[in-house]
Amino acid sequence: MTNTIATQTNSQPYNLEEWKRGYDSQPNEYEYEITEIEGKIPVELSGTLFRNGPGLLDIAGEPIHHPFDGDGMISAFYFKDGQAYFRSRFVQTEAFVKEQDAGQILHRGVFGTQKPGGLFNNIFDLKLKNIANTGVIYWGGKLLALWEAAEPHRLDPQTLETIGIDYLDGVLSPGDAFSAHPWIDPSCKFDDGAPCLVNFRVDPGLSSKITLFEFAPDGQLLRRHAHSIPGFSFIHDFIITPDYAIFFQNPVNFNPLPFLLGMRGAGECVEFQPQKPTKVILIPRDPNNQEIKTFRVESGFVFHHANAFEQNNCIVIDSIAYQSLPQVQPNTNYKEVNFDNLDPGQLWRFKLNLEDGTVAREMLESRCCEFPTHNPSLVGREYRYLYIGAAPNDTGRNAPLQAILKLDLETGARELHSFAPSGYVSEPIFVPKPNGEEEDAGWVMTLIYDGSKHRSTLAILDGENLAGEAIALLHLKHHIPYGLHGSWCDEVFS
Ligand code: FE
């Protein structure tokens with residue numbers, strides 16, 4: 001299909017020089033009504049889309065080593081009466097404020113950003129910079145910017161001003177981790193069918209402690225329980241069913257010495273062990289049930305899960321897996337990437353048999369893909385439609401995500417909405433239509449970096465007719481660097 005963002009003709013599906021500019025810092029904060037719109041914003045669309053991601057890829061001109069070390073910037077799109085208002089603000093973390101005041105890098109980043117001054121200025125500096133750049137969610141009356149290795153930051157949902165670190169009414173203590181990947185169980189069996197927010201933290205070590213948290217809609221803690229599992233864990237995401245919280249313990253080695261010695265970031269000391277199996281850990285959500293089940297499967301490396309559900313005596317899990325994962329290396333530039341040399345993320349289905357402990361797996365999608373989503377009313381439930389960022393062509397290799405793919409998991413049918421050659425998509429977010437009856441009756445929103453114009457556009461696609469023309473393209477006046485995760489909230493706040 002054609003799209004107004006894709007204005008170039010190009011023998012390649014993408015232009016690497018254009019792609020790189022999506023990693024330019026965006027030092028400015030904005031607020032304005034979006035007026036450059038192709039198509040029409042649906043009048044019934046009412047609520048706020050929040051997104052998080054690194055806003056700065058340099059500190060005072062000094063490039064950071066990896067985008068995951070970039071200071072978090074929240075973008076908000078407020079929809080009401082067929083109109084949209086945009087606002088963006090940096091999360092005013094303590095480290096961000098200090099570094100902006102000082103005009104230089106003062107902190108080591110987890111992914112290899114080092115302070116100036118070489119080894120002796122970095123050795124034994126183990127303080128993590130809480131950069132609040134990964135996820136954002138509105139829950140319990142609070143807007144929270146999330147970063148998995150430290151506490152959330154609370155922001156005003158209307159102005160996006162930073163209120164400060166939030167300990168969730170005493171649930172967290174200073175320095176506690178809190179994952180950037182919470183799930184909302186739409187109908188919790190332990191709470192008479194009320195929704196609840198489920199999240200976790202990992203304290204890694206020779207054995208790892210996983211703590212599960214479940215919160216009521218008013219923010220009150222409902223359940224918290226901790227479990228020790230053998231081995232070091234690098235766990236970014238998890239997935240839930242009505243009965244279980246499920247974790248993939250990827251096979252990794254962690255050699256902390258280069259980090260302790262100031263030579264590498266902590267994230268650069270994690271080494272993937274592709275020849276070893278992944279452990280899939282099922283922790284019962286019922287705090288009175290302590291029976292953890294562990295399965296072993298050849299999976300590759302998994303960052304993100306799409307969904308999971310219980311089916312007879314099986315647990316079905318859909319996840320994005322990479323056959324191999326290059327280690328983040330010092331002295332390399334993340335922008336000088338050769339996509340062809342990297343394994344793609346691919347969508348796999350794992351079926352855990354609770355009776356005999358076996359795992360069957362099948363690849364559902366070989367095309368390079370990442371950032372899955374689906375109708376939020378089916379989190380942890382059997383579902384049919386999955387939406388995911390994808391390469392526009394199925395080459396079997398890694399490539400920039402330039403399209404949104406819809407998979408019908410029942411029939412295998414696929415629909416693709418491509419923004420190639422100049423559009424680079426972010427995580428899609430599915431917003432159900434009010435009173436929509438079909439599972440795919442909703443809007444699929446994705447923020448696109450348009451390399452030909454060096455600006456970003458929010459696309460609103462039709463969940464039922466994904467390949468059809470976009471319902472609306474909302475052009476921003478500027479670019480937003482490639483982001484990570486976002487969420488939808490039915491409140492408007494302005
Ligand atoms: Fe993530």
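## Basis of the description

The model is predicted: local features need pLDDT of at least 70, side-chain atom pairs count only at pLDDT 80 or more, and totals for chains, interfaces and linings use all residues. Residues are numbered from 1 along each chain as its sequence is written, and side-chain values use heavy atoms, with hydrogens and water left out.

Strands are DSSP runs (E, at least two residues), numbered from the N terminus, and two of them pair if DSSP finds at least two bridges between them.

Strand β26 is joined to β27 (residues 385-390) by four bridges, and the two run antiparallel. Thr 373 stands opposite Tyr 387 in β27.

## Aromatic pairs

Rings of Phe, Tyr and Trp (its six-membered ring) pair if their centres lie within 6.5 Å; planes under 30 degrees apart count as stacked, over 60 as edge-to-face and the rest as tilted. Tyr 32 and Phe 86 form a tilted pair, at 5.6 Å centre to centre with 45° between the planes. This pair links distant parts of the chain, since Tyr 32 belongs to strand β1 (residues 31-33) and Phe 86 to strand β7 (residues 83-90), 54 residues apart. Both residues are buried (under 20% relative accessible area, with a 1.4 Å probe and protein chains only; exposed is over 50%, partly exposed in between). The relative accessible area is 10% for Tyr 32 and 0% for Phe 86.

The pair of Phe 50 and Phe 493 is also tilted, because the ring centres are 6.0 Å apart and the planes stand at 45°. Phe 50 lies in strand β3 (residues 47-54) and Phe 493 in the segment after β35 (486-489), so this pair ties together parts 443 residues apart in sequence. Phe 50 and Phe 493 are both buried. Elsewhere, ring pairs link Tyr 14, Trp 19, Tyr 23, Tyr 334, Phe 339, Tyr 424, Tyr 449 and Tyr 482 into a cluster.

## Charges over rings

A charge sits over a ring if NZ of Lys or CZ of Arg is within 6 Å of the ring centre and within 35 degrees of the ring normal. Lys 477 lies over the face of Tyr 32, at 5.0 Å from the ring centre. The charged end of Lys 406 is placed over the ring of Tyr 385, 4.5 Å from its centre.
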